[in-house]
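Here is a short tour for a first look. Keep the sequence and the 3D view side by side as you read.

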Amino acid sequence: MRFGTLFSIALVIALMLAGLVTGIMWRAGASPSTLVIAALAMLVAILLPSVISALWSSSRSDDLRELTARARRIIAGDFDASGVSRNHTGALAEHARVLEDLRAQLERHQQEAAEQRAVMTEIVASIGEGLLAVSRTGRIVVANRRLAEMLDDAHLTDLQGRSVLEVVRKSAVVTAIEGALRGQASRERVTFGTAANERQIEMRTFPVEGSAEIAAVALFIDVSAIVRLQRIRQDFIDDFSHEIRTPLAGIRSASETLDQEGLRAEDEQQLRQVMHRQIARIERLVRDLSELNHIESGQIVLRRQPADLRAILAELCEEFERRGVRTSFELSGESTIIPVDAGRVQQIFTNVLDNAIKHGGEESRVTIEISEDARRREAVINVSDQGPGIPDAELDRIFNRFYRVDRSRSAPGTGLGLAIAKHLVLAHGGTIRAFNRPSGGATFEVRLPVQP
């Protein structure tokens, strides 16, 4: 009650009691002055404590209202002001202290919760897998940036509150999430992206128990690299098996023939030579594989020194001629000195020239042109043959290990020379490519930086 109400009640009670007492005294024969004094004394005796009590009650009531209002503000999350505006006493002072402790504790918990949410948001945003969390109604609660990247949609920034079907237009994804909402976990592969940029995604969905907000979570893991490596491994096994089968068949045939009786000495010698050639071929294959793996893994150390490219190529041409190669070489261009590992550069062009000789035909000509691209600060070496060229559809594959344009694989060699050349060029910071000339034949262009 407010002070006015309490005072009115006290006044009515005092008047009634004063009237009653003065009435009794009047019947007893008291004088008028005595009756007035008695009435006033009665009013003062009753009103004074009542007024004091009313004032105290009103003050306590205001304190309670203030504490109640503050408690409501705390419940609403208003932690800006600390403490209370009044100096409370007694039990209210204890209540005010408890309320202040509660405010400080709730504010601390709210700050900790906000920090945890910020950390979780950053973790979810930075993980390498796509994450999607949905509510029981199929609405998105959480979706990170990686998911938008997988969906190839840069505009998918604000997904919260949208339905899964609106964002991911794949029936397999929607079906898996609906199953998770029914309590069924699943794991399957889906394909995202276009044909030119296709990605294999492993999707894992599972229900979430005990959360009022999130009912199911889907994790999207890009396994394209793993699938590609598995395919490369399988191709490598197939290619290696094919490459090794021919020399092994030759060794087996020669060995079985040697086991027969009645062979002439010259026949035995010829069979042993066949076996030696096939064994050497296997050794060369193993050596080239080991060399390629060594280069691809980045284990080689280039010993760069200023070297003259023209001198290196001239020496290689002379070496091939000393081997009795019928191909003629035409070398043009000025001396070009760049910092390279001369031994590795010699290995590069040994493989490139060897390829040109094999595919150029008997008694053909290989043209080597040296120039410099001043704008790009690169030395450019073009090696051209007079062969049939390379099918356009296979130009990008010519540097793959074991790859040969000749499908019969009858040409000598291991099929690893151009792959080794490519990785050595890349190790030098250069580039290598192949293209067909309008006049016929193929050209291999090697670019090496003038400065390391």
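A residue counts as buried when its relative accessible area is under 20%. The model shown is predicted. By that cut-off, 35% of the 452 residues in the protein are buried.

**Overall make-up**

The protein has 11 helices and 12 strands. Its accessible surface is about 27000 Å². Carbon and sulfur atoms hold 53% of that surface. Take the contacts between residues at least 6 apart in sequence: 60% of them join residues at least 24 apart.

**Helix 6 and its cover**

Helix 6 spans residues 171-181. Its buried residues are Val173, Val174, Ala176, Ile177, Gly179 and Ala180. An α-helix has 3.6 residues a turn, so residues three or four places apart point the same way. What covers the buried residues of helix 6? The cover includes strand 1 (130-134) and helix 5 (164-167). It also includes strand 3 (186-192), strand 4 (199-207) and strand 5 (216-222). Just after helix 6 comes Gly183, with a positive phi of about 95°.

**Helix 8 against helix 11**

Helix 8 covers residues 265-296, and helix 11 covers residues 417-427. They pack at an angle of about 25°. Their axes lie 10 Å apart. Angles under 35 degrees count as roughly parallel, so helix 8 and helix 11 are roughly parallel to each other. The crossing is left-handed. On the helix 8 side, the contact is made by Asp288, Glu291, Leu292, Ile295 and Glu296. Helix 11 brings Ala419, Ile420, His423 and Leu424. These contact residues divide into 5 nonpolar, 1 polar and 3 charged.

**Around strand 10**

Strand 10 runs over residues 378-384 and contains Asn382. Is Asn382 buried or exposed? Its relative accessible area is 15%, so Asn382 is buried. Its contacts, leaving aside neighbours within four places in sequence, are Thr367, Ile368, Glu369, Thr443, Phe444 and Glu445.

Arg377 sits in the loop between strand 9 (365-373) and strand 10. Arg377 is not a glycine, yet it has a positive phi of about 55°. With a relative accessible area of 45%, Arg377 is partly exposed.

| Residue | Place | Phi |

Technical notes:
Residues are numbered from 1 along each chain as its sequence is written. This is a predicted model: local features need pLDDT of at least 70, side-chain atom pairs count only at pLDDT 80 or more; totals for chains, interfaces and linings use all residues. Side-chain values use heavy atoms; hydrogens and water are left out. Axes are lines fitted to C-alpha atoms, for helices over the stretch in contact, and angles run from 0 to 180 degrees between N-to-C directions. Helices (H or I, at least four residues) and strands (E, at least two) are DSSP runs, numbered from the N terminus. Angles under 35 degrees count as roughly parallel, over 145 as roughly antiparallel, 65 to 115 as roughly perpendicular and the rest as oblique. A crossing is left-handed if the near helix is turned anticlockwise from the far one by less than a right angle, and right-handed if clockwise. Contact means heavy atoms within 4.5 Å. Ala, Val, Leu, Ile, Met, Phe, Trp, Tyr, Cys and Pro count as nonpolar, Asp, Glu, Lys and Arg as charged, and the others, Gly among them, as polar. Buried means under 20% relative accessible area, exposed over 50%, partly exposed in between (1.4 Å probe, protein chains only). Accessible areas come from the Shrake-Rupley method with a 1.4 Å probe; for residues, only the protein chains shown count as cover.
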